[in-house]
Amino acid sequence: MVREYTRHMGVPIAYAGSLAVHMQQLAEKMGLPDREDPAGLKQWQEELLKKLSLPFSITAKNAIEEDEQGYYIQLFLDLLDNNKPQNPVQQAMLQGVQEINKGYRQACIPSIIFLDETLGIHIPCSNNSLWRIEVDGEILFEGEVTESPFLPVHKVLPQKIKVSDGVNSMEFDVWEDSKNNRMLLFGERDMRLLNRVHFGTDIDTLPPGSYTLLSRFEPDLTDTGSTLISDTPSIYASEIHLGPGEKVRIVHGSASLLMQANAMPHMEFRGAWYRDYAGLDFLASRDLGLHIRIPDEFSDQKLRVRLRSRDLGEPIEVPLHMDNEENISMELESLLEKWKAGMSMVSVECLPENGNRPLIKTAARIWNGLEKIENNAILCRRKPENLLENQSENFHLTRKESLWSFGIHKFEEPSWQLTFQDGANKISATWRKPGIHMVLRSFESGSCRTKELCAGESIPLINVYNQDVVIQGLDAGKILLGNTSWTIRQNQHTWCASLSSLHDVITDTSPTLIHESRDSGMAKDLLTFVTPHHCSNFHVSDSEKDVSMAFLAMVSPDRILMEAINLLMGNTAKIGTQVSAEFEEILTFENGGNCRIAIKEKSCRLSILPEGWEDGLWRFTPSMQCNGRFGRICNPRQDEYSSFAYIKKGSIADPATIKDEYSSLPPSEKIAFFRRIHDMTLRCHSQESWDTIRSWLPDLWKSMVHDIHHSAVSGDRMCREKLIETLADRPPEDASSGWVPLLQMLDEKPDLMAWPAKEYPCLCSKESSLLFCLVHMKKLENLSEAIQSPVFHSSFWIAGRNPSFSAQTIKTYLQTWENMDLEEERKKRFKSSWMPEEGELLGPLHYRWAMNQFLQKHHQAISGTGNNRRRSWASLLCKKANNTNPFFYSLKMNKGDVEKISSYGLDGRISDTAEAELASGVSCYLSSIAYFCRNQAHGGSPADQAIKGFLSKLEQSAAMKAGEAGVGNRYLAGTGQELLGFYLLFWEWGFQAGLSPKNLDTL
C-alpha cells in the first residue's frame, strides 16, 4: 500500500531541481538514453538511482524507484529538447540546472543478457569506444565493438563481470557462488539480467510479462517445464509467464520462492519477429497487432493508446475500447499506413484519457511496409523512405510485381547491410549471403580472433574455455550433438555455443554436430570435434618386416583407430577396434593392408606389416578413445605423432628412392603428390616423428619445388597457380602455438612474391592476406609523383585518415588525405571481412593491419616452446640489417619514422621496448626483401639468387653462423607475411605507374 501511494504521489516538486542536477551530471558522464527504448530508460534509471544518495531525499528516491515507465527521465529529456517547461515539475527542474546543455551523446549502457541459451555481454551501440570486459578478474575482451554487439561469456558460473569504456565502469553481480540453489532472473524479449533471486525472499513487484529463470536445479513448473542448458555444472532455463496480479511459486525441496506480478496493464506486440545475423530484432508491419491485458482495477477507466516513432511520422493516438474485457487485441497494420515506410524504433504507451503519465509502455523496432523475409530476400509493399543507400553495403533492390525485393548484390562478399536513418540515430541490419556460415571465435589476451569454418571440418577441443562456435543461416529445427539437442526457433537463424559446453556432451559414438531441419526433415553434418590424448615415450622403429610405433598412454585406451593415406596416390584407409588391458591382434585395413595392435595396460605398440599394402608412400596416424572420449594422440605441446613407410612390392623400401617414382608421374599427378607432401610439412610433427623423416623429406620437397617452379617459369599455368596457392597456406589450427613450418616456400622461392599481379587470382578464395589485394589492383595513372611525395610516407602512420583513392590526379589525392576523415570508412576497414575495391589505393590502415597481424603471430610464437633458435636469429638479423642494408636508406624513411609507424601500428598495447624495436627492425628488413623481389624480378634477375646473396653479406657483416640468416629470414617470412605483402604492394604501385627500378633509388 505504501509503495502504491509513493508511485501515485511521485517526486515532490521541492526535490525536482536537485533530481535534474543529478540527471545532468549522469548525462555528462554517460550520455542520454533513447526516450523510445523502455529497456534503455530502465537501465539509465538504475544508474541514476546509484547516484541518488544522502542528502538527496529518500522519499523522492523511492518515487523514482517506483517509476517503472521512466516518467521523470522523459520529462527531463523533453526539457532538453524544447527548453520550455510544460508543467511545475519541469519548471522546478529548469530552476535546478540553471543552464541547459544539448550536446550530450547517446548513452551506451552494457547489460548482461541470456541470448540463445548463452550468457553474455550486450553492448547496444558502437560509440567508437575501446571496451574492456573482465570476467572474475580475467580479461575477456579489449577493443572496439564493430560487428556483433553480443560477446558470450565462456565461464559457466561467472560471479562478477566488469565492463568499462575508458570513462564509465560498471560491475555486474551474476552467480553468487556455485551452490545448487542459486537463481538468476532475466527480462522478457531483451533477456536482460534483472537480479539474483533467493529462496525466502518473495518478489511481488514484477511488471506483468514473460521472464526466464536460470537455476542450478530443476524447478517444478508444470505449465512450462525447464530446459537443461549445462550438464556440468547443472543449469536449467525456465520460462515464466505472469499476467497482471498472477503468481508463480518456485519450489526446491523444502525451500520456496513466490513471484507475483503487480496489478498493472500489460502490452505486447503480436506479429512476425525477425533477427539479423548480428542479433538485431525487429517486427514486420504485415499483420502486426498489439495484445493488451487490463486488470479489474482499471476496467472503469477511459484509456488511450499512443504510438510514436523517431522518424516515420507524427504520433498516432486512438481510444482503447475495453468493453469490460480483460484481454484486448488491437490491429496496428492499418494505423501504420499513415506513416512513411522504413525501419524505426516505435514506442506504444497506454495512458489515461486525460493524463500524460503512461501506465505502461513498450517498444520495438518495426519495419513499416515489410511484407516478409523468405528465401534470402526481403519483400516490402512500400520502398523504405529512410533507407540510406550510400551507407548501405552490397545490396540490390528490384521491383517484383507489387513488391520491392532486397537481396545480396555480390555473392563473393560474405554479407550485406541496410542502414536506416531513425531520427538522430541510425539502424543497421546485416545479413549473411545464403547458406550456413560457421565461425570459430577465440578470445585471448583481450582480443577476439575469428576463423571461418567449412561444413564437415574437424575442430580439436584444445583450450576450449576461451573459444566458441557461431553458426548463422540455420533453418528452424534442432542442433544435435551426442544425446543433447538445442531448438532453433523460426527466424532465429543464429546459434552460439562455447566449446567447453560442447566438450561436456560429446559421446564416443557421436562427436559430430548435426543440424536437423524442421521443415524438410533433412540432417546435415556441421562439425566434428576431436579431443587430443597426451602420450609419452613415443618412438618409431622400422625394418624390412615392419614399421612400429610404441607409446605410453596416460590412461588405458578403450578403442584404437588408425588412419592411413598414400601420399603418392592420395587413397586412404582406416581401421578401428575395441581393446582391453591385455590385447594383441592382427587387423586388416579395408584396402587389404595389415596392422598388429598390442596393448598391455597403458603401453601400446602399433606395427604396420607390409604384406597386403599397395605400393606407395604411406603416412599412418593413430588415435584412440579413452574413457569415452575420442581423439588423436600427441605430446603435451600438441605436436602430432605419426609414422611413414615407403612400401614397394610387399616390403619396406628406402624413402630416399621415392624421387624416381615422382619423376615418372604425369604432370597432374606430380602436382597432386607435391600438394600432399607440402600439406604434411605444415603440420607440427613431434620431434620423434620428425627424426624419422628428416633424412629424406626435405630433399624430396625441395626437388619437387624446383621441378614445379621450373615448369611454372617455363609457362605452365597450372604449376604457377599451385605454387602461388602455397603462399596462403597456414599450419592447422591444432598445431602448437609456437610452430612455424621448417620448410617454407618463401625461403626456397622468394620470387613467387614478385610475379605480376595478374598471376594471383587463385588466392581470392583463401584465408585473408595482403597478397590477395594484388588481385584487386588495376593500373593507376599519375602515381609516380604520389609515391615520391613525403605526404605518402608520412601518411603511413596517420591511420585515422581515409585511405580511399578515387581521384584521377595527385592533387586531388593529396587533398583527400588533408580534408577527409570519414570515421565510418575507417571502422568498415577494420572488419575482418573487408577487402579493397578494384583500384582502391591501399594505405595506412593496411599497414596498421599488417603490423597487428605480424605481432599477433609473433606473440603466438613467443608463447610456444619451439622455434627458440629461429626467433633469436631473426631478432639478430633485424638488428644487423638496419646497419648493413643500403636499400633501407633509399626509402628515405629514417629509423625514427619507422619506430613511429611501428608504435602506432601496435595501437598502444605493447610497451616493451625490445618488442617495439623488433617490430621496427622487421618493418625495415621486410621492406628490403620486398624491394629485392620487385627490383630483381622486374629487372630480369632471379629474385631468389639476389636474396641469398643479400643474406650471405649479412652473415659476413653480422658474424652470424653459416645458414643462420637464412633460418631467421624463414621465420620472419612466416610470421610477417602480411607486412611483407604490404611492402610488395607498395613497390608494385611504382612499377605499375611506370617507375623504373633505377629511379627507385631516388625515393
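Student: In what order do the strands of the open sheet of five strands lie?
Tutor: The model is predicted: local features need pLDDT of at least 70, side-chain atom pairs count only at pLDDT 80 or more, and totals for chains, interfaces and linings use all residues. Residues are numbered from 1 along each chain as its sequence is written, and side-chain values use heavy atoms, with hydrogens and water left out. Strands (E, at least two residues) and helices (H or I, at least four) are DSSP runs numbered from the N terminus, and two strands pair if DSSP finds at least two bridges between them. Pairing in this sheet is mixed, and the order is 33-39-38-35-36.

Student: Which are the edge strands of this sheet?
Tutor: An edge strand here pairs on one side only. That picks out strand 33 (457-460) and strand 36 (484-488).

Student: Which residue in strand 39 is the bridge partner of S458?
Tutor: Strand 33 pairs with strand 39 (residues 523-530) over four bridges, in the parallel sense. The partner of S458 in strand 39 is T528.

Student: Which residue in strand 46 is the bridge partner of S548?
Tutor: Strand 40 (residues 533-542) and strand 41 (residues 547-553) form a hairpin with four residues between them. Within their six antiparallel bridges, S541 has S548 as its partner in strand 41. Strand 41 is also joined by six bridges to strand 46 (residues 603-609), and the two run antiparallel. There, the partner of S548 is S607.

Student: How many residues of strand 41 are buried?
Tutor: Buried means under 20% relative accessible area, exposed over 50%, and partly exposed in between (1.4 Å probe, protein chains only). Strand 41 has seven residues and is mostly covered, the number buried being six.

Student: Which residues have the most contacts inside the largest nonpolar core?
Tutor: A nonpolar core is a set of buried Ala, Val, Leu, Ile, Met, Phe, Trp, Tyr and Cys residues joined through side-chain atoms within 4.5 Å. The largest one has 63 residues, and its largest share, eight residues, comes from helix 5 (residues 71-82). M93 touches (heavy atoms within 4.5 Å) residues including Y72, L75, F76 and L79, not counting those up to four places away in sequence. The residues with the most contacts inside this core are L19, W44 and M93.

Student: Which strand gives the largest share of the lining of the largest cavity?
Tutor: On a 1 Å grid over the protein atoms alone, a cavity is a set of points where a 1.4 Å probe fits but cannot get out, and lining residues have an atom within 4 Å of a point. Grid points are joined across faces, edges and corners, and a volume is the space filled by probe spheres set on the points; by that count the largest cavity holds about 380 Å³. Its lining has 24 residues, with E117, T118, L119, S498 and S501 nearest the centre. The largest share, four residues, comes from strand 37.

Student: Why is V705 called buried?
Tutor: V705 is found in helix 12 (residues 697-713) and touches F674, M745, E748 and K749, not counting residues up to four places away in sequence. V705 is called buried because its relative accessible area is 0%.

Key. 1 Å grid on protein atoms, 1.4 Å probe; cavity = no way out; pocket = protein on both sides within 12 Å on 5 of 7 lines; lining within 4 Å.
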